[in-house]
Amino acid sequence: MGAERLILEYVRVLVTGMSGVGKSALVRELRRRRFKAYDADDDGFSEPRADGRWGWRVERVADILKQGEAGPDVLFFAGCSEEQVTLPFDYRVLLTAPAEILVQRLATRTKGYGRSAEQRAQVLADLAEVEPLLRRSADLVLVTTDPTPLVADALLSHVLATPT
């Protein structure tokens, strides 16, 4: 599926999930296909919190979500933070993968969260505690064991075909 699409309104899509699930890879694929796609971690929307965890710069995220309100378009925003429940996403997509795959992906990262054993343990704890909450509010759940282009195909076929 290419970048051709018929969008009748502005649609804000949250792509969320645990660290290592493939959010950043999916953003790169969506950008390659010429969609507007942002990564909370790589595009400067995240900041460290006092407890050592990361959260979003809510005002900055809210501003980016308002960008396309003047006309039809689709915007993808990838990340996972407790602030996501307060923001006006039209469609919520949960990316998930088995724990052993997450651990493998995190252990082989060259940058970013999840490289230390302590961080990987936190991701596994979040997988057990946080992912079920994300699953309940998700409009779509995608398992990311397939290659990223196939995950993007599945995402686009649902988002572009689903009226908000």
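Biologist: Why is E29 called buried?

Modeller: The relative accessible area of E29 is 9%. Buried means under 20% relative accessible area, exposed means over 50%, and partly exposed lies in between (1.4 Å probe, protein chains only). Since 9% is under 20%, E29 is buried. Please note that this is a predicted model, in which local features need pLDDT of at least 70, side-chain atom pairs count only at pLDDT 80 or more, and totals for chains, interfaces and linings use all residues. Residues are numbered from 1 along each chain as its sequence is written, and side-chain values use heavy atoms, with hydrogens and water left out.

Biologist: Where does E29 lie, and which residues does E29 touch beyond four places away in sequence?

Modeller: E29 belongs to helix α1, which covers residues 23–32. Helices (H or I, at least four residues) and strands (E, at least two) are DSSP runs, numbered from the N terminus. Leaving aside residues up to four places away in sequence, E29 touches T148, P149 and A152, where contact means heavy atoms within 4.5 Å.

Biologist: What makes the pair E29 and R33 a polar contact?

Modeller: The side chains of E29 and R33 come to 2.8 Å. A polar contact is a pair of N or O atoms within 3.5 Å; within protein, one must be able to donate a hydrogen and the other to accept it, and residues adjacent in sequence count only if both atoms are side-chain atoms. The value of 2.8 Å is within 3.5 Å, and therefore the pair meets the distance limit.

Biologist: How many helices and strands does the protein have, and in what order do the elements run?

Modeller: There are 6 helices and 7 strands. From the N terminus on, the order is β-α-β-β-β-α-β-β-α-α-α-β-α. Of the 164 residues in the protein, 41% are buried.

Biologist: What makes β1 largely enclosed by the rest of the structure?

Modeller: In β1, 7 of the 7 residues are buried, so this strand is largely enclosed. Both faces are covered, with Y10, R12, L14 and T16 on one side and V11, V13 and V15 on the other. R12, for instance, has a relative accessible area of 12% and is buried. A polar atom of the R12 side chain lies 2.9 Å from the backbone oxygen of P88.

Biologist: How do you know that β1 pairs with β5 and with β6?

Modeller: Two strands pair if DSSP finds at least two bridges between them. β1 and β5 have 6 bridges, and β1 and β6 have 4; both pairings are in the parallel sense. L14 stands opposite F77 in β5, while T16 has L94 in β6 as its bridge partner.

Biologist: What makes up the largest nonpolar core?

Modeller: A nonpolar core is a set of buried Ala, Val, Leu, Ile, Met, Phe, Trp, Tyr and Cys residues joined through side-chain atoms within 4.5 Å. The largest one has 30 residues, and V13, F76, V93 and L155 have the most contacts inside it. Among the elements that give two or more residues to this core are β1, β5 (73–78), β6 (91–96) and α6 (148–159). The largest share, 5 residues, comes from α6. Apart from residues up to four places away in sequence, L155 touches V15, L26, L30, F76, V93, L140 and L142.

Biologist: How do you know that the length of α6 agrees with its number of residues?

Modeller: The expected span of a helix is 1.5 Å times one less than its number of residues. For the 12 residues of α6 this gives 16 Å, and the end C-alpha atoms are 16 Å apart, which agrees.

Biologist: Which residues of α6 are buried, and why are they placed on the same side?

Modeller: V151, A152, L155, L156 and V159 are the buried residues of α6. They cover an arc of only 130 degrees around the axis, and this puts them on the same side of α6; the arc is that of the directions from the helix axis to the C-beta atoms. An α-helix has 3.6 residues a turn, so residues three or four places apart point the same way. What covers the buried residues of α6 includes β1, α1, β5, β6 and β7.
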